[in-house]
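Here are a few notes to read beside the model, for anyone meeting it for the first time. Please keep the structure open as you go.

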Amino acid sequence: MQHPPAPAAVPLPARADLPRHIGIIMDGNGRWARQRHLPRVAGHRAGVRAIRPVMEACHQAGVHILTLYAFSTENWQRPRTEVSALMRLFGETIDREVGELHENGVQIRVFGDRARLSASLQEKVAQAEALTAHDTSAILNVAINYGGRGEIVAAIRELARSGTDLSKLDEGVLSSALYTAGLPDPDLIVRTAGEFRISNFLLWQAAYAELYVTDTLWPDFGESAVHEALDDYSCRERKFGAVPDPGAQDDTFGPPPAPRAHDVHHATPRG
Ligand code: FPP
């Protein structure tokens, strides 16, 4: 399991109601192309063009950690021509964008099993990571040949190989062996093109992520769509399995809760 360079200490969002880390399942490139009677690869090219404005909108809003799901371990099952077009596109995109990303202080990190990528793509990934390893304005993680289940299994195997006593394995140790080691978990996972699925993306890390699904196809997902997603997120009440206001909850094994100030007028008058 090859890990990306250590994550940079990027600024936190200025407001607590913004996510620190957003994961995006970029879906709908094929449908975007079909609507225009174009080949699927034209949809993927449009998908690549959509990335920069989304990154910029996140950065402007104060969100500096993005993880994009570019190619899953299941995507190898697509037609060979589409897979090779996507692989070519990844390489071309790195070549074209890495210089400017570096100038803008964006640290590029790749999640996934690189061994199955071509030697030349592996080389481009390694160079992009090395060039941007010390950039600290924002982090762009790109998941290529990534699957959440595979990541967890690979991390446990690696821990076993390095002599960790797996009978004492805990959540912190496992988290530190994942590609996301050192990063906050995604607070928000966005999926475009309307499917309500997580599709093997950041399974462990998404335990408490807020999910946001939009019908907008990925190539059409721009700055205003980012703001809509962030506004929606800001209105969510994140409970992490707890109770936001313990005084408001009935306690099955304890006395009934005291009325809260705004409940008093509902209380039955005594006497
Ligand atoms: C899903 O749309 C999209 C993908 C499997 C590929 C996403 C990849 C990109 C946008 C390119 C990213 C490039 C870099 C360098 C990060 P789909 O083809 O499943 O669409 P459909 O469901 O409408 O057919």
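1. Let us start with Arg191. Apart from its neighbours within four places in sequence, Arg191 is in contact with Ile25, Asp27 and Val213, where contact means that the C-beta atoms, placed from the backbone, lie within 7 Å. This residue sits in strand β5 (residues 188-191); strands (E, at least two residues) and helices (H or I, at least four) are DSSP runs, numbered from the N terminus.

2. A word on what you are viewing: this is a predicted model, in which local features need pLDDT of at least 70, side-chain atom pairs count only at pLDDT 80 or more, and totals for chains, interfaces and linings use all residues. Residues are numbered from 1 along each chain as its sequence is written.

3. Is Arg191 buried or exposed? Arg191 counts as buried because it has 23 C-beta neighbours inside 10 Å; the cut-off for buried is 20 or more other C-beta atoms within 10 Å, with 12 or fewer for exposed and partly exposed in between. The C-alpha atoms of Arg191 and Leu68 are separated by 10 Å, although the two are 123 residues apart along the chain.

4. Tyr69 is in contact with Ile24, Ile25, Met26, Ala143, Tyr146 and Phe201, leaving aside its neighbours within four places in sequence.

Definitions and conventions: Two residues are in contact if their C-beta atoms, placed from the backbone, lie within 7 Å.
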